[in-house]
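Hi everyone, thanks for coming.

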Amino acid sequence: MDSNSLSQRIVIFFLLSIWSTLHVHCQSHIFTVSQSDAQTNSKQAFLDAWKKACATNGGTVSVPNGNYQLSDVEFSGPCNGQTRFLLNGTLIAPDVPTPNLDYWILFRRINKLTIYGTGTLNGNGASYWNTKHTTTISSLKLVRVNKVSIKNIHSINSKKFHFNVHKCKGVTIKNIHATAPADSPNTDGIHLGKSDKIRISGGNIATGDDCISIGDGVTNMNITGVNCGPGHGISIGSLGKYHSEKEVRSIRVTNCNFENTDNGLRIKTFAPSPPGLVSDITFEGNILNNVCNPIIIDQHYCPHSKCDGGDSSVSIKDVKFIDIRGSSSEATGVKVDCSRSHPCKGIQLKGLNLTFNGNPTNALCSSADVIFLGQNQTPSRCS
Ligand SMILES: *[C@@H]1O[C@H](CO)[C@@H](O)[C@H](O)[C@H]1NC(C)=O
Ligand SMILES: *[C@@H]1O[C@H](CO)[C@@H](O)[C@H](O)[C@H]1NC(C)=O
Ligand SMILES: *[C@@H]1O[C@H](CO)[C@@H](O)[C@H](O)[C@H]1NC(C)=O
């Protein structure tokens with residue numbers, strides 16, 4: 001063998017070994033959770049797969065079709081680069097949750113996370129709904145997760161909230177499905193708090209509480225193309241329950257559909273309340289069918305009747321309702337009931353067409369600067 005062909009062989013050998021390393025490396029990015037029998041908790045198998053995926057740049061936890069019993073579990077970072085969680089199987093929560101834990105599945109302190117697949121989170125909430133509880137358990141909770149996307153997965157019968165996003169930045173939620181019976185308590189579809197840069201698009205949410213609820217400190221959020229109902233609609237608030245709440249700013253809700261919901265587009269604050277601020281809110285191109293309060297700003301929210309006649313100190317300003325159409329299940333289509341001490345400013349209504357039994361709805365306004373823009377809208381003024 002001459003030295004030329006020897007060096008060629010060395011090169012080829014070298015290339016082959018690089019190729020095989022890459023090949024094995026690619027495969028070893030996926031850490032599959034294997035199924036166990038119906039009696040066994042899969043928690044340890046999930047934690048083992050998470051640990052490996054989190055340590056691997058581009059690592060994926062894969063959960064194939066099948067049922068998995070899973071008790072409360074925390075997947076925490078920081079991880080090495082992008083981490084994926086492919087859920088095709090059905091995860092089943094225990095009947096009885098761990099006391100005082102406010103989540104079933106928690107993702108915490110992670111940068112770049114994708115949760116996707118055709119799988120289902122079954123929160124197994126039925127027995128929980130019938131007993132008195134103070135812990136707001138979320139089926140899937142994200143805390144301090146940045147650049148996260150959740151796609152396509154289903155959530156059914158959460159004990160309380162389905163999805164809960166807290167202190168996150170850069171969140172995309174696409175085509176998720178959340179369902180629970182219309183009379184199941186506090187089964188909000190998606191709840192968000194103290195988070196920035198959020199996009200929610202598509203999907204169906206049919207639950208016993210808000211389809212989407214927006215807590216204090218949420219900024220720069222777009223919600224589009226979500227189907228909501230039954231449920232309590234899309235709500236900013238309740239706000240003003242606690243001291244030092246952060247402002248809610250720049251929220252857009254566009255092209256959503258509401259069917260048979262208790263409310264449509266809502267902002268609510270407790271009375272009395274400490275100071276707060278809600279500003280730059282746009283609701284546009286939404287269709288509501290048979291909705292009880294299609295457009296409602298309620299600053300006298302007082303579910304447990306301990307209001308003592310006090311006022312909310314949350315200021316609400318620059319809120320636009322544009323091209324909101326459909327039917328109300330009551331005579332009032334627009335209710336703007338603001339705080340006497342902090343009247344609403346810059347409430348604009350344009351292109352409304354809200355009817356009740358085929359007749360125009362009315363608008364009730366108090367302590368608010370409300371402007372109806374343009375011609376031919378229903379309702380057309382505060383009565
Ligand atoms: C997950 O489901 C999708 C859609 O059915 C399928 O294309 C994919 O191959 C599945 N992946 C695994 C690991 O089961
Ligand atoms: C929301 O939509 C507005 C208008 O299209 C856009 O300027 C803004 O960047 C969007 N925000 C996010 C977080 O996607
Ligand atoms: C308002 O809606 C009603 C019922 O859907 C419809 O008949 C009417 O033409 C609409 N009005 C306008 C101005 O779009």
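**Cysteines first, then the ligand**

The S-S bond of Cys54 and Cys79 has a torsion of about -105°, so this disulfide is left-handed. Please keep in mind that we are looking at a predicted model. Where do Cys54 and Cys79 lie? Cys54 sits in helix α2 (residues 43-55), while Cys79 is in the loop between β4 (73-76) and β5 (83-87), so the pair ties together parts that are 25 residues apart in sequence. The two sulfur atoms are 2.2 Å apart, and both Cys54 and Cys79 are buried.

Now find Cys211 and Cys228. Their torsion is about 85°, so this disulfide is right-handed. Cys211 belongs to the loop between β16 (204-206) and β17 (212-214), and Cys228 to strand β19 (residues 227-228), so here the linked parts are 17 residues apart in sequence.

Another disulfide joins Cys338 to Cys344, with 1.9 Å from S to S. That link is left-handed, at -95°. In total, the count comes to 4 disulfides.

What about Cys292? Its sulfur is 13 Å from the closest cysteine sulfur, that of Cys228, which is too far for a bond.

Let's finish with ligand 1. Which residues surround ligand 1? They are Ser62, Leu86, Asn88 and Thr118. The protein covers 37% of the 360 Å² of accessible area that ligand 1 has on its own. By class, this shell holds 1 nonpolar, 3 polar and no charged residues. Look at Asn88 too: an N or O atom of its side chain is 2.3 Å from an oxygen atom of ligand 1.

Definitions and conventions
Residues are numbered from 1 along each chain as its sequence is written. Chains are lettered from A and ligands numbered from 1 in the order in which they are written. This is a predicted model: local features need pLDDT of at least 70, side-chain atom pairs count only at pLDDT 80 or more; totals for chains, interfaces and linings use all residues. Side-chain values use heavy atoms; hydrogens and water are left out. A residue is near a molecule or strand if one of its heavy atoms lies within 4 Å of it. A polar contact is a pair of N or O atoms within 3.5 Å; within protein, one must be able to donate a hydrogen and the other to accept it, and residues adjacent in sequence count only if both atoms are side-chain atoms. Accessible areas come from the Shrake-Rupley method with a 1.4 Å probe; for residues, only the protein chains shown count as cover. Ala, Val, Leu, Ile, Met, Phe, Trp, Tyr, Cys and Pro count as nonpolar, Asp, Glu, Lys and Arg as charged, and the others, Gly among them, as polar. A disulfide is a pair of cysteine sulfur atoms within 2.5 Å. Helices (H or I, at least four residues) and strands (E, at least two) are DSSP runs, numbered from the N terminus. Buried means under 20% relative accessible area, exposed over 50%, partly exposed in between (1.4 Å probe, protein chains only).
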